[in-house]
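This report is meant for a reader meeting the structure for the first time. It takes up a handful of residues in turn, and asks where each one sits and what lies around it.

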Amino acid sequence: KMACPYLSGKKSKRRHSEPVLFDEGDFNLSSQEGKNKITAPSQLTYNSYLQLPRLLSSQYLQSSAGGKIPVHDEHLFIVTHQAIELWFKQIIYEVDSIRQIFADSYLEERNMLLVISRISRVSDILQILSDHFLVLETMTPQDFLDFRPFLMNGSGFQSLQFRLMEIKLGMPEDLRVQYNKQHYLEVFFGHEKETLKTALGQESLFSLVNAWLERTPGLEGNGFDFFNKFRCSVQAMHGEFEAFGEEIEDEEEKQEHQLEHSRGVETFNSIFDKNKHDELVARGDRRFSHKALQGALMIYLYRDEPRFHLPFQLLQVLMNIDSHLTKFRYSQTCMVQRMIGRKFGTGGSSGYLYLRSTCSDRYKIFLDLMNLSSFLVPRDRIPPLNQKTRRSLSIQDIYAPEVMRRVAEDQE
Ligand code: HEM
């Protein structure tokens with residue numbers, strides 16, 4: 001039998017194959033060096049800095065009211081909500097700071113890295129939020145039922161921060177699914193209602209990004225005139241495709257080819273024809289202005305140009321935000337289905353069915369960025385940049401004149 005080396009006070013003879021978890025040096029005196037600097041309770045401490053006494057005494061279990069034995073899982077239910085609400089707070093904090101940077105009439109390029117790191121933080125937080133539901137799902141529906149009646153009419157539908165987050169990101173108000181034929185504002189009162197109304201009157205991240213995309217260099221009609229060139233290139237591509245179809249002898253194959261051709265033309269017309277674009281916007285199937293969509297497409301196609309690197313990354317992260325937010329909604333929906341089945345929500349909605357309807361494209365903010373892939377063309381169909389635009393999209397100040405000369409030569 002092996003004796004415990006700590007209890008016996010003797011060192012064990014370790015066999016060769018046993019893993020070394022701690023070196024003996026870990027327990028010698030050097031690990032105990034230093035001195036405890038906290039000498040008076042008035043000093044700033046870990047607890048006081050983080051206001052832990054307040055935070056950790058904010059879990060009141062309704063099931064314990066009147067001195068009753070609390071339902072065990074209600075603690076987890078409260079902590080999960082509070083943890084998520086704290087993350088909502090951080091998201092709003094970051095989104096507000098990004099909105100402020102974008103609010104200037106032009107976005108200083110030197111701020112781009114900061115914008116991307118903060119918006120990526122928002123995206124990462126949203127991504128981990130869904131995992132919180134995994135923990136909550138360790139509670140069984142029967143256990144939930146033990147304290148559900150104590151929640152009365154309380155519901156996540158009344159989460160002020162969730163609405164603020166949606167509004168500040170730019171969730172389209174007119175596309176929301178009606179909840180019990182009620183506007184969500186009707187469940188808020190006093191100061192909370194005012195806060196929401198103020199947020200609704202401010203520029204959202206979506207509208208600021210839209211304005212920024214409209215200013216994309218290269219769109220100017222009297223400059224590179226990207227969109228016109230792009231239209232010509234796509235029309236030439238479609239023309240060649242159609243001509244190829246004429247040569248097909250098999251009638252069925254020919255018809256299929258024609259169908260594919262007209263589908264392609266129709267798809268691209270939805271961006272080339274401004275009226276069609278506006279119709280889609282009016283229907284809620286498209287969000288960006290016509291000009292902003294062109295800017296986004298230009299960034300997609302010319303992302304290899306140095307000054308488009310960061311804008312392209314920003315567009316990627318904005319898409320991640322939509323993905324994570326949709327996954328968050330979907331995770332919550334699945335959890336609700338297993339917890340309450342088809343019962344009505346404590347807030348009065350149809351519960352699962354209501355939440356399921358929020359997982360659709362209507363709730364995607366930067367939807368157009370995802371759909372933009374429909375308008376990508378093979379590389380050799382991308383109109384080549386002229387020298388002036390290529391220079392303006394390079395980082396000429398830090399390029400040696402020699403490099404710029406070679407770029408110019410390449411163009412010739
Ligand atoms: C057992 C766990 C949960 C159940 C059964 C549940 C149930 C529901 C139901 C039925 C709704 C629809 C509104 C209603 O009629 O009440 C809802 C909405 C909502 N819940 Fe939960 N929920 C749970 C956990 C959570 C957690 C942990 C959060 C995190 C903060 C949360 C946040 C929300 C939000 C923000 C909404 C509004 C969604 C919207 O309108 O788009 N829920 N919940």
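Buried means under 20% relative accessible area, exposed means over 50%, and partly exposed covers what falls in between. The model is a predicted one, and the values below are computed from it.

Serine 357 has a relative accessible area of 25%, and is therefore partly exposed. This serine 357 belongs to helix α15, which covers residues 352–357. Tyrosine 354 is also placed in helix α15, but tyrosine 354 is buried, because its relative accessible area is 10%.

With a relative accessible area of 48%, aspartate 104 counts as partly exposed.

| Pair | Apart along the chain | C-alpha to C-alpha |
|---|---|---|
| Serine 357 and glutamine 178 | 179 residues | 9.8 Å |
| Tyrosine 354 and tyrosine 179 | 175 residues | 7.2 Å |
| Aspartate 104 and tryptophan 212 | 108 residues | 9.8 Å |

Is histidine 132 buried or exposed? Histidine 132 has a relative accessibility of 16%, so it counts as buried. Its place is in helix α5, made of residues 112–136, and there a polar atom of the side chain of histidine 132 lies 3.1 Å from the backbone oxygen of isoleucine 128.

Most residues other than glycine have a negative phi. Methionine 152, however, has a positive phi, near 50°, and is placed in the loop between α6 (141–147) and α7 (160–169). Since its relative accessible area is 62%, methionine 152 is exposed. Aspartate 225 likewise has a positive phi, in this case near 55°, and its place is in the loop between α9 (205–214) and α10 (226–246).

Which residues gather in a patch of negative charge on the surface? The patch brings together Asp250, Glu251, Glu252, Glu253, Glu256 and Glu260. Of these, glutamate 260 has its place in helix α11, which takes in residues 251–272.

Methods. Residues are numbered from 1 along each chain as its sequence is written. This is a predicted model: local features need pLDDT of at least 70, side-chain atom pairs count only at pLDDT 80 or more; totals for chains, interfaces and linings use all residues. Side-chain values use heavy atoms; hydrogens and water are left out. Patches are made of residues with over 30% relative accessible area and no salt bridge: like charges are joined within 9 Å, nonpolar side chains (Val, Leu, Ile, Met, Phe, Trp, Tyr) within 5 Å. Accessible areas come from the Shrake-Rupley method with a 1.4 Å probe; for residues, only the protein chains shown count as cover. A salt bridge is a side-chain nitrogen of Lys or Arg within 4 Å of a carboxyl oxygen of Asp or Glu. Lys and Arg count as positive and Asp and Glu as negative; His and the chain ends are not counted. The place of a charge is taken as NZ of Lys, CZ of Arg, CG of Asp or CD of Glu. Helices (H or I, at least four residues) and strands (E, at least two) are DSSP runs, numbered from the N terminus. Buried means under 20% relative accessible area, exposed over 50%, partly exposed in between (1.4 Å probe, protein chains only). A polar contact is a pair of N or O atoms within 3.5 Å; within protein, one must be able to donate a hydrogen and the other to accept it, and residues adjacent in sequence count only if both atoms are side-chain atoms.
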